[in-house]
Amino acid sequence: MATVEELGVKQKVQWCPGCGNISLLAALKGALSDLGLNRHETVVVTGIGCSGKTSHYLSTYGFESLHGRSLPVASAIKLANTDLTVIAEGGDGDGYGIGVQHFVHIMRRNYDLTYIVHDNQVYGLTTGQASPTALLGMKTKTTPWGVVEVPFNPISTAINGGATYVARGYAGDIPHLKELIKGAITHKGFALVDVFQPCVTFNYLNTYQWFQERVYKLEAANHDPKDKAAAMEKALEDSKTDYKKVPIGLFYKEERPTYEETLPQIKGKPLVRQDISNVDISMAYKDLE
Amino acid sequence: MALSIKIGAQAGAGVMVTGRSLAKCFTRGGLNVVAYPEYPSIIRGGHNSYQVVISDKPVHSPTMHSDIVVALNQDAVLFHKDSLSKGGAMVYDSRIDAAKFKPRKDILLFRLPTEELLAKSGAGARMANTVALGAALAVSGYPFDQLENVLRDEFTRKGEGVVRENIAAAKAGYDHAKANFKGFAKSVEPASDKRKIFVEGNEAVSLGAVKAGMKFYVAYPMTPASTLIHYLCENDRDFGIVVKQTEDEIAAMNYAVGANFAGVRAMTGTSGGGFALMVEAMGMAAESETPVVVTLVSRPGPGTCMPTWTEQAELRFALHAAQGEFLRVILAPGDVDECFELAWRAFNFADKYQMPVIILLDKFLGESIFSTERFDESKVRIERGKIAKGLPELAPNTRFKRYALSADGVSARPFPGEPNGMHVATSYEHDETGYSSEDFSVRKAHVDKRMAKIDTLMKEIPGPKLYGPKTADVTLVCWGSQKLPGLDSLELLSEKGITANLLHFSYMFPVNTKEVQKALSKCKKTVLLENNSTAQLAGLLKEYADVSFDFHLLKYDGRPFFPEQIADEVARLAAKGFKAKKEIRIGDEDYEYYSPQRYGL
């Protein structure tokens, strides 16, 4: 159990003033505090990028891994100790670009962990190149004539790919985002929370104002998150309406056994608590003789 | 009393299973056995062979020549006829016209009417291998009863019908050979009923790791490391471990680091190509001081190269993999017992020094199978190093000093879940709490901290081990798997009147300079054997111990050295009074090749 205050650290946050990450961090701290989670039983694993700093600004356990690799590191932490609350984070370049293979496969497995993607449609820490979610036509350092690749759609990919909790939040609405994160953490299975998190320094297109004019909440639109077809329809709404209507909220949720539940080896006792002082291997010799 | 049998057939014909059954018959008779499989990177078609070497004395290596060849198809007759030893026997299916390939006059041709025998015994056509298996056993002069036991154990789970059919087929082959195949001079007989195990290098590493308390194994399939994950998956519930196949090797190494961070001993395994994908995350383990163990079972490179063959060309790769400078431990076991021992030791090194440890094997040791005693578990110790527990309360908004500077460079690590141990592990340079820092003094202090581990680590690194007489005219020097043919060549050299011993390295890095210099100062002529083209160990030892060798004997055609080759080359050098070119490059092209085109077919 920790208050929002206790979840912070003395070190100063080093994001740009107005950065969406600041609001995202506030929502995450609020969620952890509301849920009454113990700091020593919570691990936040981040990739590399502006989002990667999140693990530094929390007084929980943290692992700032490599660019694109927060998911495999987090997966193993969960398999090693199922008693922990494991949260993986990364940016859109980190998770949907260099690390996309992990994203695609983790959904099939349904580990009980939460994945928060700081989605700002641009590479920030490397000073402004197009990311996989950059919209068509967006001009960046690496796309001076405008992006010609269609944007990666994490929501439809997740619904189709086997994720059991698929949500999208917006850093401009902290209370709403906090509830989505709480839902993700309490959900038993793999939960994606893609978060629109405006980059105030390198993304001149997708600004707070741009989002403010377009986002609307699924909760207010009578959307049923158990309806997979409706969820898919909502996931495609932004591109279908040429980004006039951009839904946020819980798109999809289903109950499915987690990967960990299929392993009798860890039933009742996480790997980390199993005694290794004198492992018996004698049963192995029979097959070798 | 020694014998070498080679079974050859097209890939997919079941040579591996047949060969392993044959080898088990001899192992159960208390004999020493080595089995060496060769196969192409193709599932059907191509050529497979399986050599079984049997002796009542210690034997370590496959041999260049076979005494019996069991040819299950025409290619096998063609490919192996020239590698038969003098007076050797070729057992072949009667549908093959072996004579048209003009085998040497001294070779005994044993024509096996497989179809007829199958029909007579009532076994199905897929039992052809079993008929040949029975015949091979009869030619070797060995009693039938062990084969019956082996087949029973092998096929019981498929039902009594399959067991009986197999035994009938084997007996038909055995009886036919006993009655008709005369004149083969060699034979082997059971030596004792002492039970031995018959284990491949990858299995021995797996067992050593499980014994060490490895609770998590994670990998992406890659030949010749795949039998690690196969073996561990097959036994995961018995061993009480979790085995995960990931989407790629990048994930595998990141999982292994993550599990170790969470406090669970974890390992990954791969071959060179997969290891190339793992190196960034291995560097993360080094920077974040997270223990990790990787078994690297090497094969020829670069690129995809020859996936199912062997080479020792990844010593330098293992040593330099990943950006930046950091310490690591590289262990290269020389036989299955060392595979077991170095595997459990690897986890202790990783935990105590909080760094990556690489167990470096090759296809030859990883996939060959050896008889040995049950592994020596008496020496096994579980040393987890500095683990932080029962910690005092942290001041508000502060973190545990996970990377506290210390004289030996190792700082205590709490596992997540431990109250008051909260910290960030990071791949960035960082201060004592793990907070990332680009302060010059912090950077220097933490590089020095990590490098300081070498002093205590070095005390646990033994020098090379000497086999054979203490002093000798010639010392063979080798590392890893090439100890096996090296050892078997010593006796052959002694038969040629040359006294030789063998200096073997299994602790590759860090290099214990003093021990290396001491060991080499006692040698007269030295011949370094390496299964690569650039003599990587020579370079490493020149760099770290300023020693060099008189001759480099190098083989890099996809196969290990054979004892006969080593003995021949050393004898040739001795005959020239050791006045010869330093580098000697050899291959097997003159006695065995697996390409029908070479025969104009």
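Axes are lines fitted to C-alpha atoms, for helices over the stretch in contact, and angles run from 0 to 180 degrees between N-to-C directions. The exercises below concern a predicted model.

**Exercise 1. Determine how α10(B) and α11(B) are oriented towards each other, and describe their contact.**

Step 1. Helix α10 of chain B covers residues 249–261 and helix α11 of chain B covers residues 272–287; their axes come within 7 Å and cross at roughly 30°.

Step 2. Angles under 35 degrees count as roughly parallel. The two helices α10(B) and α11(B) are therefore roughly parallel to each other.

Step 3. The crossing of α10(B) and α11(B) is right-handed.

Step 4. On the α10(B) side, the residues in contact include B:Ile250, B:Met253 and B:Val257, while α11(B) contributes, among others, B:Leu277, B:Met278 and B:Ala281. By class, this contact has 10 nonpolar, 2 polar and 1 charged residues.

**Exercise 2. State which strands stand at the edges of the open sheet of chain B, and why one side of each has no neighbour.**

Step 1. The sheet has 6 strands in the order β16-β18-β17-β20-β21-β22 (chain B), and its pairing is mixed.

Step 2. The edge strands are β16 (465–467) and β22 (583–586) of chain B; each has a single partner strand, so one side of each is left without a neighbour in the sheet.

Step 3. Neighbouring strands of this sheet are turned by 25° against each other on average, direction ignored.

**Exercise 3. Describe the contact between chains A and B, and identify a strand pairing that joins them.**

Step 1. Chain A gives 50 residues to the contact and chain B gives 57 residues.

Step 2. On the chain A side, the elements that give two or more residues are β2 (61–64), α2 (70–80), α4 (100–109) and α10 (282–288) of chain A. The largest share, 8 residues, comes from α2(A).

Step 3. By class, the side of chain A that touches chain B has 25 nonpolar, 17 polar and 8 charged residues.

Step 4. Strand β2(A) is joined by 3 bridges to β15 (residues 424–426) of chain B, and the two run parallel. Here A:Glu64 stands opposite B:Thr426.

**Exercise 4. Characterise the side of domain 1 of chain B that touches domain 2 of chain B.**

Step 1. The domain assignment places domain 1 of chain B at 2–180 and domain 2 at 199–372. Their C-alpha centres lie 33 Å apart.

Step 2. In this contact, 13 residues of domain 1 meet 8 residues of domain 2.

Step 3. In domain 1, α1 (15–28) and β2 (32–38) of chain B each supply at least two residues, and β2(B) gives the largest share, 6 residues.

**Exercise 5. Locate the backbone exceptions at B:Pro224, B:Pro510 and A:Gln121.**

Step 1. Most residues other than glycine have a negative phi, and most peptide bonds are trans.

Step 2. A cis peptide bond joins B:Thr223 to B:Pro224, in the loop between β8 and α8 of chain B where B:Pro224 is found.

Step 3. Another cis bond joins B:Phe509 and B:Pro510; B:Pro510 lies in the loop between β19 and α18 of chain B.

Step 4. A:Gln121, not a glycine, has a positive phi of about 60°, and is found in the loop between β4 and β5 of chain A.

How values were computed:
Residues numbered from 1 in each chain as written. Chains lettered and ligands numbered in written order. Predicted model: local features only at pLDDT ≥ 70, side-chain atom pairs only at ≥ 80, totals over all residues. Pairing = 2+ DSSP bridges. Helix = DSSP H or I, 4+ residues; strand = E, 2+ residues; numbered from the N terminus. Contact = placed C-beta atoms within 7 Å. Nonpolar A, V, L, I, M, F, W, Y, C, P; charged D, E, K, R; others polar. Domains from an automatic or database assignment. Parallel < 35°, antiparallel > 145°, perpendicular 65-115°, else oblique. Left-handed = near helix turned anticlockwise from the far one by under 90°.
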